[in-house]
Structures are given as C-alpha cells and as structure tokens.
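Dear colleague,

Please find below the structure that I am handing over to you.

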Amino acid sequence: MREFKFAQTMIFAINEINKNSDLLINVKLGYKIYNNCGTMDIMRAALALVSGIKAEISDDNCTKTETVQAIVGHSGSLPTIAFAQVVGRFQIPVISHFATCACLSNRREYPTFYRTIPSDYYQSRALAKLVKHFGWTWVGAVAVNNEYGLNGIAAFIQAAQEYGVCIEYFEAFSSSDPPHVLQRITERIKQSTSKVIMAFMSHREIKLLVSELYNQNITGLQWIGSDAWITDPSLTDSEGHKILAGSLGFTVAKAHIPGLEEYLRQLHPSQFPDSQFVSDFWEKVFNCSLNKSVNTYKQPCSGFESLQNVTSLFTDVSELRYTNNVYKSVYAVAHALDKLIKCDNSPGLPFNGKCSDPKHIQPWKVLQQLNVVNFTTVNGERVYFDNNGDSPARYELVNLQITHNGIMEGETVGIYDASLPEEHEFIMTSNPVIWSNGLNEVPVSVCSNTCLPGTHMVLQKGKPVCCYDCIPCSEGEISNLTDSVHCMPCPVKYWSNKQRDACIPKPVEFLAYDEILGTLIASFSLLGIFLTMIITLIFYSHKETPLVRANNSEMSFLLLFSLTLCFLCSLTFIGRPTEWSCMLRHTAFGITFVLCISCVLGKTIVVLIAFRATLPGSKMLKWFGPAQQRLSVLAFNLIQVLICILWLTISPPFPFMNFLLYKDRIVLQCNLGTAVAFCAVLGYIGLLAVLCFIIAFLARKLPDNFNEAKFITFSMLIFCTVWIAFVPAYVSSPGKYTDAVETFAILASSYGLLFCIFLPKCYIILFRPEQNTKNHIMRQRHKYGIN
C-alpha cells in the first residue's frame, strides 16, 4: 500500500509539473514505474532504465528521449546500495526518498546518489541526544543485519559514547535468519539490566522481535526506534504490538501536498488498464473481482466503485512524511531540467554558451544541476543538496501512543534540526507518554546509580565507563555536583564538611581562656600571684623580725615582686596571638626571669660572703653591700634587656597561621622571628641559673636557721630540671601546646622558687615564732663559732 501510494504521488507530481506554466515550458515529463520486488529484480529494472526507454509515452505528439534523465527510488537502503553503484557508472542521478543509510553519502562509491530524506548519520546523533536527554546511560542495541542497520547503529554507538551513554549489548539479525538466532537475542534482552533498547531496523524485523518478546512475556522496556519503523502503520497489525507503546523515534516532518488527496480518490483501474498492481489494489479495497482477474470466488466489480468515500491508508493524507519526499524528489529533477533548458547556468558549472536541447539532454548535465538546485516547495520547505547529496536534517520526535480505538499512532513531541547550533538542535515541545512497566513514568536505565554530592565516580574494572562505584571524597576535598569524576580540594583556609559537599572555614586554634587547658593555666597563674601577695604581706608584717632581717629583706621583696611578674607573664601566652602579645610574651618572660634569678643570685652571694668572711675586721661584706647588690641586679637585667631590644629590632616575633601542622584546622601561633634570639634569651637565663646553683651548692652546709643556701640550691635544682626538660618538650609539642609547655615551665619554675625559698620562712614566722628571735639566732651563731 505504501509503495503504491509513493508511485501515485510521483505521477501526481509529474502531472502537476506538466501543467505548470512557469516550469519546463513546452516540455513534458514522462515516467516508467517498475513494481518489481527483491534486490535482483530491482537491479534488472534499473539496468532496463539505463539501457534505454522503450514506448514509455503513448502520446504521438511527444518526442521521446533516448535515455532517462533520473531515477527516483528505491524506498530501501539495501536495494539502493545494490543498483546505485551500477547506475552511477552511467552518470545517471538516483534520488531516493527513503534510503537513509549513511554509507550512501560516500561520494566516491555513490557519485550520482541524492536523497530528500536525511542521512542516518544525523538520525543516529539525534537518537543519541534523545537518550541522553532522558538520562538513559545504559542501553541495549539491536539492528537489522545489513548495511542500513549496521551503519546506523554504529553511528548511534559512536554518538552515544560522546554523550556518555554506554551500550550494554549489541545484536543484529535479519528476517531471513533461522529461529534460534531470534531466540538467542530475546534471551540476551531478558538477562540484561538495561531498560532501554535502540532498534535500528525496518518494520519487518521489529515485528518479528516484538512477537518473540510478547510470547516470552518480556515487557517493561522502553523502545527507541529508527525512522524505518517508528511510524509504520502496519505495526498495529503485528502480534504484541502494545509492547511498543510509548516508543520514541525521529522521523521526517509532516507535510501537506495540495490536491494530492483529490487525485488519489480519483484513481480508477481504467487509468492503468495494464497495471496488475492497480488491479490487486482495487480488488482488495472493494472486495470484488475485475474482469481479467483470476479471483473467480469474488463477486464481479460493478464499475461504479469509487474511492471518494473510502477510508484507507492509501487516501489518508493527514500525515504525509515520506510521501512528501517523493514529491520533492520529482520537483528536484524538474528544477534541474528547467535550469538546463532555460540556460540558467549556476556559478561553478561549465557552460559553453549553448542551451541544452530538450530532445538531447544528457543525464550527466542533470547531475551537475542537481548539485546546485535550490527551491522552495508549496509548503515553504527549502530543498537543496549538500556536497554528499544529502538533504537538510530536520526531524520530528514521534511518540507511539495507543488511541481510544486501539490503534497505535505517532504523536509529535519534539523537533530536531541539525542546521541549528548544537544547544538548540533538539527541543521537546511536549511530554511524551511513556508506558514502561505499565506506568506513565520515565524509566531509569543506568548501570550505576547517580553519585551524590560528596562522592566521586571510580570506574569498575573491566566494565564500561557508565559502570562505576561512588567513593566518598577524602578529607579536605569536596564534590558539589552529581556524578563528579574528581573531588576538588578546598582552598587553604577551608576544609570539607562531614558530607564532603561544601568547603567550610577551618577553625582557628590557639590557647584560649575558655578551654580547659587555658583555664587551668590561668588558674595556676592567678593562684601563684595570690600566694606571692600573701607571702609578701607576711614578710611585710614581720619585716622587723630577726629572720626577715637576717635573710636580706630588700632582695626578698624584690624577688617576690619578680615572681609576681613571672606569674603574670604566663597569662600573656593565653588568648588570640597579636603582634603586641607575641612580642610581649617572650621579652617579658626573659626579663622577668632574669630579674628573678638575679635576685636569687644576689641573695646567694650575700649568704656565701657572710659566712666565708669569718676573720675579725674583714671588709669582704663591704664589697657586696646593698648598693652593690642593687647594681648587680640592674646589670644582669640590662644585659637581658639589650638582647630583647636587639631581638625586637632585627626580627621580632609575629603572629602567623600555621596551615601545615593540621589539615583540618588552622593553628594561630607566634613565630619567634629568629630562633637565635630566643635561644640567647633562654641561654642567658640558664647561665644565671647554673651560676646561682653552683654558689648555693657551695653554701649549702651553713647554719639552717640563719641562711637559705640549702633552699636556694634545691629551688635552682628544680628550676634547671624544669627548663632542661622544657627544650625537648617545646620542640616536639605541636601548635598551641608549645605555648602550654612554655607556660607550664614558667609556672613550675616560679612555684619552685616561691615554695623552696619562702615557704620554710613563712612556716617559722607563723608556726614557730620562738625560733624567730634574736637569742635563738645568736645561739646558732655561737654553735658554729661565729661572732
């Protein structure tokens, strides 16, 4: 029925052209139609046309040409491939309305082939873009086992891979294959995990496949079809055709040909008395027998039958798609002939100054004009051919839907125009009706589920790129998109959240008051200040007592003051580091401890000198009296102050953000500026401490009640032990713990000096007042032979 309609459309177009006063003036077109089936018969028909036309036209007023100027057809790619190469050797143009195989665009093998239907190359890319549009990345592919199917599916697979779509399987068969081939393919589809099948075949193969799937009750599949079957009206007659409901595919756009319906309805066997095709058609439509028919079991036709009121696919012109391509093919040849006859030579074509004689037009001249033909049909559609003989690729996306009458019809739900920019090539005009699993829902067909933000894709070994595992991003990296291939590292000041889908600012870490360690250090510092003030009050209230006077009260009060500064100094290591706090904490620490040690050193020297100068009239104490003691303390401190001034001048400490210590947080700490100055400060303090320890050790066996050398020795032992242990602990402690180690060292050494030197004296003052008398002290002096 379809091919018969194509033939009548060609006749209609030729008649319309012959009546056109503007096209082919004084020239009429003739035709010869072959209705042979099978590739070999089609080849014979083509060769018959090439070898010369015999009695094509019965009008005696017409002058017949010796050969055809063009061949229109065939509807299939495989027969066209068979004869186009042969015909091409004779320079006769072949214009097809339905042969879509991309292989026919090969100008070297098919130099005279043209078509008014787009190449499968564009259809395959459009189908791949359609699959990607719905998010189907895991599809199966079946094709007819010939050049049409294999070339079309190959182009589809290539385009699909460009869009990130993977093919789970590919199978090919033909309608002539034995049954076990189709059964094997059906079993492959049944075992597959993809829910979408791309079928690049004709209506014959799709019917066979659907019937086999129906018999095995395999449903729930989404079909994507090529234009060779997606709008074929005979699908409704096939077994299990409802499986194809919801199918999507591209086909050429619908068109309207004015006057075609009237022409088709006027068809009568008397117009073609020698055509068996017309006779068979007429008998089938009206279920009667013509005079020359062998169907004697049917009633004879009355002769009054008419197609005017008959509803059939032949007279239906509501969806003219490929029929319009036949119409355009005839007009393309007419325009090429018109250019030759009117001497309308196009640029780039050879012209010898003579117009072509309508009686002797050679096919190769028509071929040349077809390369440059460019016209617009009555529908406003522009017709031209590119360098490969292809027409512009314009498609409609068709969705097969079952109507209330149970008939499956194609509804247009989108368009594709390859001439537009890529981002505008494919446009959905309405939502298609999808019938996967019996529900109007878009099926999911993926090898692996979507990787959510916070994860990235890792390909599964030995599987296509669409099969992957979703692996969480590592610490410090994020992915904020679905199906991320890589995780992005966060900027240096940021870190990934728990979900690994966003970068958040890193917490800034420093020794703060509101944390346990900072609170503990501050508490011990304040406690030390409080105890120092209590001891100072005790000493001040008993400053006239012999014990306080005998232990150099001036140095004792200065020592208590320096210890108060040491305890206060530890507070500078707590809180957010700033430029001022960084410079203050280290310099204040160095100066206050030198003041403290110099006071202890002064007291130790006084004790040693006092008990070594035993000869009457010795003037040794005069050389280290109160004035000399003050000067020694001042001198010792001036050296440390000078070191600190040089430190602050050359390379002072400064706050900096340490990004290297921890990955997930920033440590805000003080940089020493120069480690040499810090070592000089510590070294000077250590030197004074060692000197003080040596002197106190030499005076350790002097009278207990009178001197404090033994306690100073023990306090210096604690001091030196603490600061010797401080060095490796300071170097190995990370971040804020370096400040904590230094403050613990300051507090431990300060408490050691406070308790070892002043606690025994306070015990005597408060709880042994009988020992804090002049007589008791004098007895001790006489005991040791001291006057």
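This is a predicted model: local features need pLDDT of at least 70, side-chain atom pairs count only at pLDDT 80 or more; totals for chains, interfaces and linings use all residues.

D120 is buried yet has no salt bridge. The nearest side chain of opposite charge belongs to R115, 6.3 Å away, whereas a salt bridge would require a distance within 4 Å. The side chain of D120 does make a polar contact with the side chain of Q123, at 2.7 Å. Setting aside residues up to four places away in sequence, D120 touches T100, C101, A102, Y148, F200 and D227.

The sheet is an open one, formed by three strands in the order β20-β22-β21, with mixed pairing. Because β20 (508-509) and β21 (654-658) each have a single partner strand, they stand at the edges, and one side of each is left without a neighbour in the sheet. Between β20 and β22 (residues 666-671) the pairing is parallel and runs over two bridges. E509 has V667 in β22 as its bridge partner.

The second residue, I666, belongs to strand β22. I666 counts as buried because its relative accessibility is 3%, the cut-off being under 20%. The C-alpha atoms of I666 and P507 are 6.2 Å apart in space, although the two residues are 159 residues apart in sequence. Beyond its neighbours within four places in sequence, I666 is in contact with K493, K506, P507, V508, E509, M657, N658 and F659.

With kind regards

Conventions. Residues are numbered from 1 along each chain as its sequence is written. Side-chain values use heavy atoms; hydrogens and water are left out. Buried means under 20% relative accessible area, exposed over 50%, partly exposed in between (1.4 Å probe, protein chains only). Lys and Arg count as positive and Asp and Glu as negative; His and the chain ends are not counted. A polar contact is a pair of N or O atoms within 3.5 Å; within protein, one must be able to donate a hydrogen and the other to accept it, and residues adjacent in sequence count only if both atoms are side-chain atoms. Contact means heavy atoms within 4.5 Å. Two strands pair if DSSP finds at least two bridges between them. Helices (H or I, at least four residues) and strands (E, at least two) are DSSP runs, numbered from the N terminus.
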